[in-house]
Amino acid sequence: MSTSLDLTAPTPAAPAVADDGVWLACIECGETYAPFESIRYTCDACDGLLEVRYADPPTFADFEGRERGVWRYADALPFDEGVSLPEGDTPLHHVPRLEDEVGVERLRIKHEGMNPTGAFKDRGMTVGVRVAKELGVGRLACASTGNTSAALAAYGARGGMETLVLLPAGKVASGKIAQAALHDARILEVDGNFDDCLDIVQDLAAAGEVYLLNSLNPFRLEGQKTIGLEILEEFMADHGTYPDRIVLPVGNAGNTAALYKCFRELVQSGALAPADVPKLTGVQAEGAAPMVEAIEEGNDEIRRWPDVETIATAIRIGNPVNAPKALPGIRNTGGTAISVSDEAITDAQRALASEGVGVEPASATSVAGLRKLRERGVVAPDEQVVCLTTGHLLKDPDAAFEAGNDPEPVPNDAEAVLDHIAE
């Protein structure tokens, strides 16, 4: 585990390569790079993951008086503004019946499906596409299980840039393909899974043919860390405290890594006490759970799962590229990881819908995981918990239809309708 990802590590001094107090650093060997002089996704020296660093990490006071949304947090980001639709400022729902059923002191649902394209990916793209324009690239690309492609297509269109998306053939929900298509992306369906698609995009990026905007790109995670800033600000405003735990779905583990980075920066600036950092708790589907396997076995590296399958298409990923950042995030905050069945995911999706919160299956894994952890006694009844839901139910309309009630045919007559509903 890299010591550079220690929760309480001091803020590093800005190196000579810093640009306005911003630089890139390798989480493995510590090598530093100028952020915008050339395109770089991993460390030149050791191929480790890169992380954006700041000479002056933010405090909550830096955000006061600004409009809500991702760019409220410009002092925690590389730029003052991005390519925006706009994004962020998603609701933190109270779900009283689910709260009682799960048996925790307080449960809130952070619904990222209320972003412009219906998923949390928009937070990363507003920053990532802005960086692409700064670097002067023309063609954007991503591998996707659906939500990344929709977001990249929309933000690429907003920025007037060519967009290429690679999808695993027959494995992406129709609602997500429709979004990418309408936003004028070129859609390439690959005979393989998501991890195969990402391998190809990385090869294209290495050849200089595309600018990669998967979460391997360190700037993507900068936008996504604003989820954590919103949760902390709103939870404190509503309840006078911070949540004890944040439970979130895990696919490529970008959000886990981003939230951990958010908390570390706040601790470094003195805005957040280490004891107040929420426990990061990851949830995967049983058919795609390499992160859970690593946590349960105490490994610092994950084993790539070549074959993954789950109803939760958005997290049908067997090789989470952000695992080196996310595993320390779970462990150093006192969190854990757990896998859940497709049946439990669908049941949680229905439970959320009964509270008026409509999400796609992958989103519901957070609630399914919380239920399982409560049953096992891992989560205590006095905990205050936020579950992150990452995508809107209309992202996967077929799954929503399968999980919901069947239509009931009735005659074309009011009396007959009354007789039918009385049965």
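## The largest pocket

Helix 10 gives the most to the lining of the largest pocket, with five residues. The model described here is predicted. Helix 10 spans 323-332, and helix 5 spans 194-206; each supplies at least two residues of this lining. The volume of the largest pocket is about 610 Å³.

In total, 25 residues line the largest pocket. Nearest its centre lie Leu49, Pro320, Val321, Ala323 and Pro324. By type, the lining holds 12 nonpolar, five polar and eight charged residues.

## The second largest pocket

The second largest pocket has a volume of about 280 Å³. Its lining counts 14 residues, and Asp20, Val22, Tyr54, Leu77 and Pro78 are the closest to its centre. Eight of the lining residues are nonpolar, one is polar and five are charged.

## Nonpolar cores

In soluble globular proteins, nonpolar side chains tend to be buried together. Here, the largest nonpolar core has 81 residues. Which residues have the most contacts inside it? They are Leu140, Tyr211 and Phe263.

Take Tyr211. Leaving aside residues up to four places away in sequence, Tyr211 touches Ile39, Tyr41, Gly128, Val131, Ala132, Leu135, Val137, Arg139, Leu140, Ala141, Asn217 and Phe219. Another core, of 29 residues, lies apart from the largest one. Its members include Val104, Ile315, Leu370 and Val379.

## Strand pairing

Strands of a sheet pair through backbone hydrogen bonds, either parallel or antiparallel.

Three strands form an open sheet in the order 2-1-3, with antiparallel pairing. Strand 2 (32-33) and strand 3 (50-54) are the edge strands, each pairing on one side only. Strand 1 covers residues 22-26 and pairs with strand 2 over two bridges, in the antiparallel sense. Leu24 has Tyr33, in strand 2, as its bridge partner.

Strand 6 (residues 139-143) and strand 7 (residues 162-168) run parallel, joined by five bridges. The bridge partner of Cys142 is Val165 in strand 7. Strand 6 is mostly covered, with four of its five residues buried. Leu140, named above for its contacts in the largest nonpolar core, falls within the residue range of strand 6.

## A buried lysine

Lys261 lies in helix 8, which runs over residues 254-269. Is Lys261 buried or exposed? Lys261 counts as buried because its relative accessibility is 4%, and the cut-off for buried is under 20%.

What does Lys261 touch? Not counting residues up to four places away in sequence, Lys261 touches Glu51, Val52, Tyr54, Glu222 and Lys225. One of these, Tyr54, is also among the residues closest to the centre of the second largest pocket.

## A buried loop alanine

Ala289 sits in the loop between strand 11 (279-285) and helix 9 (290-297). Its relative accessible area is 5%, so Ala289 is buried. With residues up to four places away in sequence left out, Ala289 touches Gln284, Trp305 and Ser339.

How far apart are the C-alpha atoms of Ala289 and Leu152? They are separated by 26 Å. Along the chain, Ala289 and Leu152 are 137 residues apart.

How values were computed:
Residues are numbered from 1 along each chain as its sequence is written. This is a predicted model: local features need pLDDT of at least 70, side-chain atom pairs count only at pLDDT 80 or more; totals for chains, interfaces and linings use all residues. Side-chain values use heavy atoms; hydrogens and water are left out. A nonpolar core is a set of buried Ala, Val, Leu, Ile, Met, Phe, Trp, Tyr and Cys residues joined through side-chain atoms within 4.5 Å. Buried means under 20% relative accessible area, exposed over 50%, partly exposed in between (1.4 Å probe, protein chains only). Contact means heavy atoms within 4.5 Å. On a 1 Å grid over the protein atoms alone, a cavity is a set of points where a 1.4 Å probe fits but cannot get out, and a pocket is an open set with protein on both sides within 12 Å along at least five of seven lines; lining residues have an atom within 4 Å of a point. Grid points are joined across faces, edges and corners, and a volume is the space filled by probe spheres set on the points. Ala, Val, Leu, Ile, Met, Phe, Trp, Tyr, Cys and Pro count as nonpolar, Asp, Glu, Lys and Arg as charged, and the others, Gly among them, as polar. Two strands pair if DSSP finds at least two bridges between them.
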